[in-house]
Every structure is written in structure tokens, then in C-alpha cells.
Amino acid sequence: MKKAVAVKKTSAKDVGAASASKLIDGTIKELGDWRGEMLGRIRALIKDADPDVVEEWKWRGVPVWEHDGIICTGETYKAVVKLTFAKGAALDDPAGLFNSSLDGNVRRAIDIREGENINEKALKALIRAAVALNASKARKPAKRSA
């Protein structure tokens with residue numbers, strides 16, 4: 001008689017940084033078009049701006065970059081690659097990169113369409129600003145209750 005084998009479903013918590021990076025690699029390769037190329041370029045810029053960034057894989061297949069909290073997500077749609085900054089509304093954007101999700105109180109996004117160029121210097125500055133914001137929130141001491 002054979003023993004029943006429990007099949008463990010993979011959740012976001014189970015996916016380590018190395019596995020998340022492999023899943024992101026797979027997504028870029030699987031797309032095989034301008035969106036994969038763009039997601040790869042964005043990923044390289046994020047890693048260049050913050051060498052200590054941690055890659056995560058969340059919400060059923062969304063690449064996420066974190067450092068003391070979420071910096072941004074990278075989603076691909078038919079017509080755009082969307083880079084959503086978790087705390088984008090709190091970031092200065094002097095180059096005007098944010099062009100989507102502008103009405104929210106917290107997030108801001110950059111929609112990149114096929115053939116569009118990225119202002120790499122401004123994007124790296126935005127990444128660094130998001131990291132600094134996360135770090136400033138991480139350092140605040142917890143409030144004590146009386």
C-alpha cells in the first residue's frame with residue numbers, strides 16, 4: 001500500500017530571494033518581447049541604484065523589489081510595463097516620471113509603453129529616494145503605550 005504524499009503549495013512566504021530571482025528571470029524570458037526586455041532593463045536599473053535590494057515574488061506572480069519595505073513592483077500588461085512605487089505619493093518626482101495612479105494617497109506608478117525611453121538617471125534617483133523613505137520609517141522607535 002502506497003503512502004499518501006502531501007503536496008505543498010508554494011506561497012509567497014515559501015519563495016526565497018534566490019527562487020524569486022529565478023522566477024523573475026523566467027518571466028522575462030517567457031515574455032520574449034519588448035515587455036520582457038523592458039522589465040529586464042528596469043530590474044538592472046533597480047539593482048544598480050540599490051545593490052542591497054531584495055527581489056520577492058508576490059501576489060501570484062508579481063516581481064517586487066524591497067529594501068526595508070516595498071520599493072516597487074514590476075507588472076507587465078499587454079500595452080505597458082507598470083512600475084508601481086508603494087509609497088510613491090511621498091516621493092519627490094522632479095523629472096515627472098510618475099504618469100499613472102496619480103489620484104491615490106499612497107502609490108504612484110510609471111507606465112512604460114513600447115518604444116518609450118526611460119530617464120535612467122531620474123529612475124535611479126526615485127529608487128534611492130524610495131529606499132531612503134523606507135529606511136527612515138524602519139528606524140522610528142515603536143510607540144509605547146501607557
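Predicted model: local features only at pLDDT ≥ 70, side-chain atom pairs only at ≥ 80, totals over all residues.

**Salt bridges and their surroundings**

Modeller: Between Lys-58 and Glu-66 there is a salt bridge, with 2.6 Å between the closest N and O atoms; the term requires a side-chain nitrogen of Lys or Arg within 4 Å of a carboxyl oxygen of Asp or Glu. Lys-58 is partly exposed at 22% relative accessibility, whereas Glu-66 is buried at 16%. Buried means under 20% relative accessible area and exposed over 50%, with partly exposed in between (1.4 Å probe, protein chains only).

Residues are numbered from 1 along each chain as its sequence is written, and side-chain values use heavy atoms, leaving out hydrogens and water.

By the rule above, the salt bridges number eight. Side chains of opposite charge can pair when their charged atoms come close. One of the bridges joins Arg-43 to Glu-55, with the closest N and O atoms 2.7 Å apart. Arg-43 belongs to helix 2 (residues 34–49) and Glu-55 to strand 1 (residues 54–58), and the two are twelve residues apart. Helices (H or I, at least four residues) and strands (E, at least two) are DSSP runs, numbered from the N terminus. Both Arg-43 and Glu-55 are buried.

A further bridge pairs Asp-48 with Lys-124, at 2.3 Å from N to O. Asp-48 is in helix 2 and Lys-124 in helix 3 (residues 120–139), so this pair ties together parts that are 76 residues apart in sequence. Asp-48 is partly exposed, at 44% relative accessibility; Lys-124, at 18%, is buried.

Asp-48 and Lys-124 also belong to the packing of these two helices. Arg-41, Leu-45, Ile-46, Asp-48 and Ala-49 of helix 2 meet Glu-120, Leu-123, Lys-124, Ile-127 and Arg-128 of helix 3; contact means heavy atoms within 4.5 Å. The helix axes are 9 Å apart and the packing angle is about 55 degrees. Axes are lines fitted to C-alpha atoms, for helices over the stretch in contact, and angles run from 0 to 180 degrees between N-to-C directions. Helix 2 and helix 3 are therefore oblique to each other; angles under 35 degrees count as roughly parallel, over 145 as roughly antiparallel, 65 to 115 as roughly perpendicular and the rest as oblique.

Asp-68 sits in the loop between strand 2 (62–66) and strand 3 (70–76), and is partly exposed at 44% relative accessibility. Its C-alpha is 9.0 Å from that of Leu-133, 65 residues away in sequence. Apart from neighbours within four places in sequence, Asp-68 is in contact with Asn-134, Ala-135 and Ala-138.

As for the setting, the chain contains three helices and five strands, in the order α-α-β-β-β-β-β-α from the N terminus. Of its 146 residues, 38% count as buried. Among contacts in the chain with a separation of 6 or more, 50% are between residues 24 or more positions apart.
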